[in-house]
Amino acid sequence: MGRKFFVGGNWKCNGTADQVDKIVKTLNEGQVPPPDVVEVVVSPPYVFLPVVKSQLRPEFQVAAQNCWVKKGGAFTGEVSAEMLVNLGVPWVILGHSERRALLGESNEFVGDKVAYALSQGLKVIACVGETLEQREAGSTMDVVAAQTKAIAEKIKDWSNVVVAYEPVWAIGTGKVATPDQAQEVHASLRDWLKINVSPEVSESTRIIYGGSVTAANCKELAAKPDVDGFLVGGASLKPEFIDIINSAT
Ligand code: PEP
């Protein structure tokens, strides 16, 4: 069976209650392919998760943007995987480059988070990607492989993992990777999974692209054989997110 196209919307730390209402209305009214063709997951800030989940059309799912690395308890300011499961939130984004860079999340810490979230029954969008300096130094694949290895060492079952390749230099910059640049890394990542995990995991795991995806550039990216969808930041707050969902077909 082919890999189902996946489109995630990362709202990051954006939105007021009114803005969230508007985005949900746009999503609910949008014409999109059926859920057996494209899987849509939007990720509002924690405080809006319950309201978005309750108001969103049922075939669209929600994700948290992070969760704590182990069972909840005396960890002020954190939200645990158990709480997300308790609220019926099926997905979580982990290892986003903003958290790696600004909050110092290491490869190992992200690997631990992925393993713990999966153990509690969450599905994970695991983000990897190189900085501009790393790309210019020719170490893109070394960086992406090390980030993926830190996850692979901690998990056995990849069926609930989507890998998001998000070059840091493309996130929020308007400087999208070319379809060939994205395809090159996605294909190498798939090879890495084949050699280091298994041919089955390599074949079935969705590798999605993130970094300045818009309605204008999504079709060409989506046409690449190893691009299985998108993680969209800025454009997921706008009506053009519907066009990006439609790039699957
Ligand atoms: C992201 O935050 O995951 C992202 C890809 O952002 P943007 O689409 O705004 O570059």
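## Overall architecture

The protein chain contains 11 helices and eight strands. Its radius of gyration is 17 Å, close to the 18 Å that the globule rule gives for 249 residues, so the chain is as compact as a globular protein of that length. This description concerns a predicted model.

Taken along the principal axes, the C-alpha atoms of the protein chain fill a box of roughly 45 × 45 × 35 Å. Of the 249 residues, 52% count as buried. The chain exposes about 11,200 Å², and carbon and sulfur atoms supply 54% of this area. Contacts between residues at least 6 apart in sequence may also be examined: 72% of them join residues at least 24 apart.

## The surroundings of the ligand

Which residues of the shell are closest to the ligand? The ligand is surrounded by 14 residues, and the closest are Lys12, Glu166, Gly172, Ser212 and Gly233.

Taken alone, the ligand exposes 290 Å², of which the protein buries 96%.

Lys12 and Ser212, both among the residues closest to the ligand, deserve a separate description. Most residues other than glycine have a negative phi. Lys12, however, has a positive phi of about 50° although it is not a glycine. Ser212 likewise is not a glycine, yet it has a positive phi of about 60°.

Where in the chain does Lys12 lie? It is located in the loop between strand S1 (5-10) and helix H1 (17-29). Ser212 is found in the loop between strand S7 (206-210) and helix H10 (218-222). Are these two residues buried or exposed? The relative accessibility of Lys12 is 19%, and a residue under 20% counts as buried, so Lys12 is classed as buried. Ser212, with a relative accessible area of 17%, is buried as well.

## Lys113, a buried lysine in a helix

Lys113 belongs to helix H5, which covers residues 107-119. With a relative accessible area of 1%, Lys113 is buried.

Which residues does Lys113 touch, when those up to four places away in sequence are not counted? They are Asn66, Cys67, Val69, Leu94, Arg99 and Glu105. With one of them, Asn66, there is a polar contact: it joins the two side chains at a distance of 2.5 Å.

## Gly73, an exposed loop position

Gly73 is placed in the loop between strand S3 (60-64) and helix H3 (81-86). Its relative accessibility is 62%; because a value over 50% counts as exposed, Gly73 falls into that class.

How far apart are the C-alpha atoms of Gly73 and Asp157? They are separated by 27 Å, and the two residues are 84 residues apart along the chain.

Definitions and conventions
Residues are numbered from 1 along each chain as its sequence is written. This is a predicted model: local features need pLDDT of at least 70, side-chain atom pairs count only at pLDDT 80 or more; totals for chains, interfaces and linings use all residues. Side-chain values use heavy atoms; hydrogens and water are left out. A residue is near a molecule or strand if one of its heavy atoms lies within 4 Å of it. Accessible areas come from the Shrake-Rupley method with a 1.4 Å probe; for residues, only the protein chains shown count as cover. Helices (H or I, at least four residues) and strands (E, at least two) are DSSP runs, numbered from the N terminus. The radius of gyration is taken over C-alpha atoms; the globule rule is 2.2 Å times the number of residues to the power 0.38. Buried means under 20% relative accessible area, exposed over 50%, partly exposed in between (1.4 Å probe, protein chains only). Contact means heavy atoms within 4.5 Å. A polar contact is a pair of N or O atoms within 3.5 Å; within protein, one must be able to donate a hydrogen and the other to accept it, and residues adjacent in sequence count only if both atoms are side-chain atoms.
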